[in-house]
Amino acid sequence: MSNNATSHKPRRKKKSTSGISRTETNADIVSIDEQTHAAKPEFPLVAFLWPARGTTSQWLLIPLILIIVGLFRWTVGLWGYSGCGKPPMHGDFEAQRHWMEITNHLPMSLWYFHDLEYWGLDYPPLTAYHSWLLGKLGSFIEASWFALDSSHGLETQLLKVYMRATVIVSEYLVYVPATIIFLRRYGRAQGVGATSQSVALVAFLMQPATILVDHGHFQYNTVMLGFTIAALSSIYAGRLMWSCIFFVAALGYKQMALYYSPIIFAYLLGSCVTPRLRIGRFLGIAMITIISLVALYIPLMIGSLSNANQGVLLTNIAAPPLLDILPFKIHPKSAYYIPLLQVTQSLHRIFPFARGLFEDKVANFWCALNTVLKIRQHIEPVVPLPRLSLYLTFMGILGPMLVIGAVPRPNLLPYALASSAWAFYLFSFQVHEKSVLLPLLPMTLLLGSRDGLTKETRAWVGWANMVGTWTLYPLLKRDGLRTPYFVITLLWAYLLGLPPTSGAIYYDHANQNEPGKERPPDDLYTGTKILHGEYYMAMMIWHGLEAFISPPEGKPDLWVVVNVCLGAFAFGICYLWCTWKLVLGTNLLDGYFGHRRKIEEKGANSGGWKNEKKTQ
């Protein structure tokens, strides 16, 4: 007879995961209700991820996150893109497809020379190699997609699917893993909890500007941005040589990575001299950087020399201006003429100084200034604009360079990179709307820091992203991306508890009935609340005016000009905020502020500030 009744053991009760508790590692994402004194998620994204805390394996959580953010990317790709149905030049979609076409059908020596009037290749060699690879893979599926010349302006549905897929695959091979690794290292170094790291990861991967530009407008910016994040991650891991390789790869993919180069240079140099001189490290960094740059051009050089041996000569092609200004003449039949010709031609294409200071209206200093003072009429006759742009850009990046060079701490790099990128965006030559992704990247990475999900950092990072995405609206509207713009932007604002979906981040619940109470450390200053609130209101009013009221006949670009001016001022504020936080993070001002605080305390105890000042 079986003894089932006596041998039965009751099941263990599963540990409840519905309750929320406030701990040291989640203090920024969990708040305490003033009435019930119960803990609750600080903003909606925390509530969505809270059930997955603790017991959920990261091997399960991260794939789920990547599937969800990937679906949003693919959905945005179902809408329009740059140049859709707009002959004869079409747009960026056609430019990327055309580069796949020429790299697959033309000798390497002709890549930077072929049909420059029709989307000539104007990115560094790594973009060309990437285009060659994607063109080869696509040709296996359908050769007509990249047929030389006859495929111009092709817009078949399967081609669109393939091109959209290449953006996502490239992003998931470079950008996504680099981000995951960096945020883990960045967070662990500062004692950030696993749940907060997951919140920062989702917030970063759902960044609206990046999704709308790369997966809507159509670009491969995330490849360059991913290499940059990989360089930062290597710095956090103490692998400076690898950081050089990754950053050279970023530069080799898109020249816009130069926005970060002063800070990377200053940090690596500072790490070689502070706190002590390290000659070996300096020589190693210099050597690996040079080798990486040379390796970047080796395939192009070898291919061009091979083409020359096969009879593909470039003697009838006009030499680039950089080759003409050399103090010595090079004979076309010399051994080093072809490599030097390729390098100078690629640099000439990469840095288009002949195009002018700006082409389209961008929310930077020059376009905003041009609305009140015509630059070409009043400034260009006095000072050459490229030189003036160089001076102002150098002045903007000098401060962050000196600070990060003097105090080379990895946790300060996002602030320094953001300051440098904002300076480049505001003052440099030939800035495009899409370049706003570069300063937004390090600012958004701040969400993964120790204070990244506090009200202050979340408000500033959120405000910068909302304004940055708003300045992209005229571009996105031309591409037929108005619906994805509103959906993705408002969704991101909702997830992070930002206006216009929520104003809780700017509302101090603890002090609402106690005006004399001291400001909590995570609350925002009144000036910040006013500034951000006015901008959110202005952006909503602007959208209403742009949608329902036509501009005057004499000023057809009125709404775009307003967008440019407001955006440029906001980005200037972002530059100042990032630079100020960078300086505060160095603790260089602690002595000054500490001394001032002591003087104020003594003055208060002795009856006044003036008496204390006289005793100094």
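**A helix and its charged pairs**

Helix α6 (residues 157-173) has 17 residues and spans 24 Å from its first C-alpha to its last, close to the 24 Å expected at 1.5 Å a residue, where the expected span is 1.5 Å times one less than the number of residues. Helices here are DSSP runs (H or I, at least four residues), numbered from the N terminus. This is a predicted model, in which local features need pLDDT of at least 70 and side-chain atom pairs count only at pLDDT 80 or more, while totals for chains, interfaces and linings use all residues. Residues are numbered from 1 along each chain as its sequence is written, and side-chain values use heavy atoms, with hydrogens and water left out.

Among the buried residues of α6 are L159, Y162, M163 and I168, buried meaning under 20% relative accessible area, exposed over 50% and partly exposed in between (1.4 Å probe, protein chains only). The cover over the buried residues of α6 includes α3 (58-76), α4 (92-105) and α10 (221-236).

The structure holds nine salt bridges, each a side-chain nitrogen of Lys or Arg within 4 Å of a carboxyl oxygen of Asp or Glu. One of them joins E101 and R97 at 2.8 Å, N to O; both residues lie in helix α4, four residues apart, about one turn of the helix. E101 counts as buried because its relative accessibility is 0%, and R97 counts as buried because its relative accessibility is 0%.

Another salt bridge, between D557 and K361, has an N to O distance of 3.3 Å. This pair links distant parts of the chain, 196 residues apart.

How values were computed
Helix = DSSP H or I, 4+ residues; strand = E, 2+ residues; numbered from the N terminus. Contact = heavy atoms within 4.5 Å.
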